[in-house]
Amino acid sequence: MSQIDNLPPLREVINVHGLRAKKELGQNFLLDLNLTARIARVGGSLEGVRVIEVGPGPGGLTRALLAEGAREVIAIERDARALPALAEISDAYPGRLTVIGGDAMEMDYRLLADGPTRIVANLPYNIGTQLLTGWLTMEPWPPFFESLTLMFQREVAERIVARPGDNHYGRLGVLAGWRTDARIAFNVSRQAFVPPPSVTSAVVHIVPKPVEEGLPVKLVEQVTKAAFGQRRKMVRQSLKSLGVSVEELLAAARLKGDERAEELPIEAFLAMARALPGLR
């Protein structure tokens, strides 16, 4: 499948519109329409679904999402150079593509949802983790989106899906493991991008799951920040930065205190967050 619609090949689009990828914008363009279609299908059928895409660039993934049947794609693009190329896609799919020129970090994504909504994106590498953290810490929970299908550097992807004892287990793994079911769908070779990044990438699929009410995410973040801030130290020592009774936190989580953060199950962090003074 070299073409999925009647629009020009992506390399031609890039050349016509002068879309040289800018490092300062974290851009690496995907030109393989087989690959973009595969990404679009990770979360299942798109029929009747509104998709929010961040950083569409020349629109390879945008075209795949529309061709796979998305009811509407809302594409957020900061780079004004890409807007004419995206306008051509909009013309080819009348009424189904809305392009917002602006900074993805400043959007209120909840206002963009209308019915079943998913976020699918080859995220700019320089803001990917920040965006994900923002989506994972939304209140109320579960959030407005059905799922996230996102491209990251492989190392970031491993941090998202990491479990206790894994080398990549940390704050992001606790947050994602607490609030979602996350998996790495597949790896993406450097050669799939223009220009090729320095590392392998991976597509991660993330589905929100219900969590207990009454436990603010900010308290969980306080505990994980303290615990992993000195990850090689025993938690009895690293938790001192919270300025509360460490013994009470350890007792709440049934810990001895000689454990290290990377060994602790997610429930231990939640138990300590519940014991913080902010919940009393």
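## Basis of the description

The model is predicted, so that local features are reported only at pLDDT of at least 70 and side-chain atom pairs only at pLDDT 80 or more, while totals for chains, interfaces and linings use all residues. Residues are numbered from 1 along each chain as its sequence is written, and side-chain values rest on heavy atoms, with hydrogens and water left out.

## The sheet and its edges

Seven strands form an open sheet with mixed pairing, in the order β4-β3-β2-β5-β6-β9-β7. Strands here are DSSP runs of E with at least two residues, helices are runs of H or I with at least four residues, and both are numbered from the N terminus; two strands count as paired if DSSP finds at least two bridges between them. The edges are taken by β4 (97-101) and β7 (180-188), each of which has a single partner strand, so one side of each is left without a neighbour in the sheet. From one strand to the next, the twist averages 20 degrees.

Within β9, Ala202 stands opposite Asn187. Helix α7 (residues 171-179) lies across β7 and β9 and runs at about 120 degrees to β7, where axes are lines fitted to C-alpha atoms, for helices over the stretch in contact, and angles run from 0 to 180 degrees between N-to-C directions.

## Strand β5

Strand β5 (residues 117-122) has six of its six residues buried, so it is largely enclosed by the rest of the structure; buried means under 20% relative accessible area, exposed over 50% and partly exposed in between, with a 1.4 Å probe and protein chains only. Thr117, Ile119 and Ala121 point one way from the strand, whereas Arg118, Val120 and Asn122 point the other way.

Strand β2 (residues 50-54) runs parallel to β5 and is joined to it by three bridges, with Ile52 having Ile119 as its bridge partner in β5. Strand β6 (residues 147-153) also runs parallel to β5, through five bridges, and Thr149 in β6 is the bridge partner of Val120.

## Leu30 and Asn122, two annotated positions

An unreviewed UniProt entry lists Asn28, Leu30, Gly55, Glu77, Asp103 and Asn122 under "binding site"; the positions are given in the numbering used here, feature names are shortened, and such annotations may be inferred rather than shown by experiment. Leu30 is found in strand β1 (residues 29-30) and is buried, with a relative accessible area of 6%. Not counting residues up to four places away in sequence, Leu30 touches a set of residues that includes Leu10, Ile39, Asn122, Met151 and Phe193, contact meaning heavy atoms within 4.5 Å.

Asn122 counts as buried at 12% relative accessibility. Leaving aside neighbours within four places in sequence, Asn122 is in contact with Asn28, Leu30, Val54, Gly55, Leu61, Met151 and Phe193. The side chain of Asn122 also reaches the backbone oxygen of Asn28 at 3.1 Å.

Asp5 lies in the segment before α1 (10-17) and is buried, with a relative accessible area of 16%. The side chain of Asp5 makes a polar contact with the side chain of Arg63 at 2.7 Å; a polar contact is a pair of N or O atoms within 3.5 Å, of which, within protein, one must be able to donate a hydrogen and the other to accept it, and residues adjacent in sequence count only if both atoms are side-chain atoms. A polar atom of the Asp5 side chain also lies 3.1 Å from the backbone nitrogen of Leu7. Not counting residues up to four places away in sequence, Asp5 touches Arg63 and Tyr93.

In helix α10 (residues 246-253), Val246, Leu249, Leu250 and Ala253 are buried. They cover an arc of only 95 degrees around the axis, which puts them on the same side of α10; the arc is that of the directions from the helix axis to the C-beta atoms. The buried residues of α10 pack against α9 (235-238) and α11 (266-274), and the helix is followed by Arg254, whose phi is positive, near 55 degrees.

Val235 lies in helix α9 and is buried, with a relative accessible area of 0%. Leaving aside neighbours within four places in sequence, the contacts of Val235 are Leu250, Gly257, Glu259, Arg260, Ala261 and Leu264. Val235 and Glu259 are 24 residues apart in sequence and, C-alpha to C-alpha, 5.9 Å apart in space.
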